[in-house]
Amino acid sequence: MLRYWQKRFRTGVLTERPQFDARMKELRKRLKKGIAKHFAGSLAIRMVDSGSCNACEAECNALSNPYYDLERLGIRFVASPRHADVMLLGGVLTFNMLPHVLDAWEQIPEPKWCITLGDCPLMEAPFTRTFAIQAPAVEHLPVAHHIPGCPPSPESIIEGLLEFLEKLD
């Protein structure tokens, strides 16, 4: 047991990432400033899954954990499109989900924006266009921004939201 603790004290804490933490602190600061400028301090996002493997949704769930905690920056995920400012669309946009996605889009009050998440909405996924897949999303919705990745990491989602806010300038 003594050898374990000696080794532990020699190696130190391996889970800390000081450079990453400093970068995230700067991203959070810029994101909060952009949200305050464009959305009066509160950005409501309606996440819509249009036929995905749920990897993008899992990464978005990570944004609510205490490490990223987007809620304190004024970003919250809402259940109703009527309370949303932005639609975050993930998935390949299947034939069965297209009417529901368009219905959710119509329910979002103006001004509204659509952000696609992951490679699937742009048809960069390992699927081919068939009768069951209606992607790319740009054929059906006015996509304002795209966050690439399969799935995008929480950091890249934060960076993508920041890029979206910078586009609004």
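**View 1. Phe 39, Trp 113 and Phe 164 come together as one aromatic cluster.** This is a predicted model, where local features need pLDDT of at least 70, side-chain atom pairs need 80 or more, and totals for chains, interfaces and linings use all residues. Numbering runs from 1 along each chain as its sequence is written, and side-chain values use heavy atoms, leaving out hydrogens and water. Rings of Phe, Tyr and Trp (its six-membered ring) pair if their centres lie within 6.5 Å; planes under 30 degrees apart are stacked, over 60 edge-to-face, the rest tilted.

View 2. The structure has 3 aromatic pairs. Tyr 67 is partly exposed at 37% relative accessible area, while Tyr 68 is buried at 9% (buried is under 20%, exposed over 50%, partly exposed in between; 1.4 Å probe, protein chains only).

**View 3. Trp 113 and Phe 164 also pair edge-to-face.** Here it's 5.9 Å centre to centre and 70 degrees between the planes. The pair links strand β4 (residues 113-117) to helix α5 (residues 154-168), with its partners 51 residues apart (helices, H or I, have at least four residues and strands, E, at least two; both are DSSP runs numbered from the N terminus). Phe 164 is buried, at 1% relative accessibility.

**View 4. Lys 112 lies over the face of Trp 105.** The distance to the ring centre is 4.7 Å; the criterion is NZ of Lys or CZ of Arg within 6 Å of that centre and within 35 degrees of the ring normal.
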